Amino acid sequence: MRRRNVLAGVASAGTLAGAGALAVYGLPSSGLDDGGEEPHHDPVEIETVEATGSEDGTQRVPAEGEVTFVDLFATTCSVCTKQMPELGEAYDRVGDDVTFISVTNEGEDQVSDDELADWWDEYDGRWQVGRDASSELIVHYGTATPIGILFDADGNVRWDEAGRKTSDEVVSRIEDALEDE
């Protein structure tokens, strides 16, 4: 009985460690690092929310004819919260050159627009933020937020990766896409 409890405890600890590593380091990228491109994905209309740096309306993802960086996040995701300063730094460095948007698939029944705007202000968001009400992006690109997706100006996925990213990593990927335009 005691041995069984020890084995169950070790198995649980391994599961938790694996989940923690996945949350911090993310899933392996889709293999697009070698310069390959994923086939074109149909655009999705994102409902943008009135918040600092963001206006109420819609944003097509990927933006037509522009390099587009998308951060898929959730307000309940601690890794997403910790990543906000890195995204802010990346936005300050290249945000004027691309469409830069953070998207949650949390519905208004989970987080109201006011709560989302408050969360956005608390973590210094200052670019577009919106909702993917259909969850189309998160279903297509994965379920473990945060996920970064970079589309080139032709709407092809240049890079997508789950997990926490540094500002240097995001900026480097965006600059590579801009250079290839």
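Cys77 is buried in this predicted model, its relative accessible area being 10%. Buried stands for a relative accessible area under 20%, exposed for over 50%, and partly exposed for what lies in between, computed with a 1.4 Å probe on protein chains only. Cys80 is buried too, at 2% relative accessibility. These residues, Cys77 and Cys80, form a disulfide with their sulfur atoms 2.5 Å apart. In general, a disulfide is a covalent bond between the sulfur atoms of two cysteines; here the term is applied to a pair of cysteine sulfur atoms within 2.5 Å. The structure holds one disulfide. The link of Cys77 and Cys80 is right-handed, with 85 degrees about the S-S bond.

Residues are numbered from 1 along each chain as its sequence is written, and side-chain values use heavy atoms, with hydrogens and water left out. Because the model is predicted, local features need a pLDDT of at least 70 and side-chain atom pairs count only at pLDDT 80 or more, while totals for chains, interfaces and linings use all residues. The pLDDT is the predictor's confidence in each residue, on a scale from 0 to 100. Its mean over the chain is 84, and 78% of the residues reach 70 or more. Over residues 6-35 the pLDDT is below 50, and this stretch has 25 contacts in the model beyond near neighbours in sequence. A contact means heavy atoms within 4.5 Å.

Now the overall layout. The chain has five helices and seven strands, where helices (H or I, at least four residues) and strands (E, at least two) are DSSP runs numbered from the N terminus. In order from the N terminus, the elements run α-β-β-β-α-β-α-β-α-β-β-α. Of the 181 residues in the chain, 45% are buried. Among contacts between residues at least 6 apart in sequence, 71% join residues at least 24 apart.

Strand 6 covers residues 147-151, and five of its five residues are buried, so the strand is largely enclosed by the rest of the structure. Strand 6 pairs with strand 3 (residues 68-73) in the antiparallel sense over five bridges; two strands pair if DSSP finds at least two bridges between them. Within this pairing, Val70 stands opposite Ile149. Strand 6 is also joined to strand 7 (residues 157-162), again by five bridges and running antiparallel. There, Leu150 has Trp159 as its bridge partner. The hairpin of strand 6 and strand 7 has five residues between the strands, and in it Gly155 takes a positive phi near 85 degrees.

The next topic is the aromatic rings. A pair of aromatic rings is described by the distance of the centres and the angle of the planes. Rings of Phe, Tyr and Trp (its six-membered ring) pair if their centres lie within 6.5 Å; planes under 30 degrees apart count as stacked, over 60 as edge-to-face and the rest as tilted. The whole structure has ten aromatic pairs. In one of them, Phe73 and Trp119 are stacked, at 5.2 Å centre to centre with 15 degrees between the planes. This pair links distant parts of the chain, since Phe73 is in strand 3 and Trp119 is in helix 3 (residues 113-122), 46 residues apart. Phe73 is buried at 2% relative accessibility, and Trp119 is buried at 9%. Tyr91 and Trp127 have ring centres 5.5 Å apart and planes at 35 degrees, so this pair is tilted. Tyr91 lies in helix 2 (residues 78-94) and Trp127 in the loop between helix 3 and strand 5 (128-131), so the pair ties together parts that are 36 residues apart in sequence. Tyr91 is partly exposed at 22% relative accessibility, whereas Trp127 is buried at 1%. One aromatic cluster is formed by Phe69, Phe73, Tyr91, Phe100, Trp119, Trp120, Tyr123 and Trp127.

Arg131 is buried at 4% relative accessibility. The side chains of Arg131 and Asp113 are joined by a polar contact of 2.8 Å. A polar contact is a pair of N or O atoms within 3.5 Å; within protein, one must be able to donate a hydrogen and the other to accept it, and residues adjacent in sequence count only if both atoms are side-chain atoms. A polar atom of the Arg131 side chain also lies 3.5 Å from the backbone oxygen of Gly107. Not counting residues up to four places away in sequence, Arg131 touches several residues, among them Ile46, Val49, Val103, Glu106 and Leu116.
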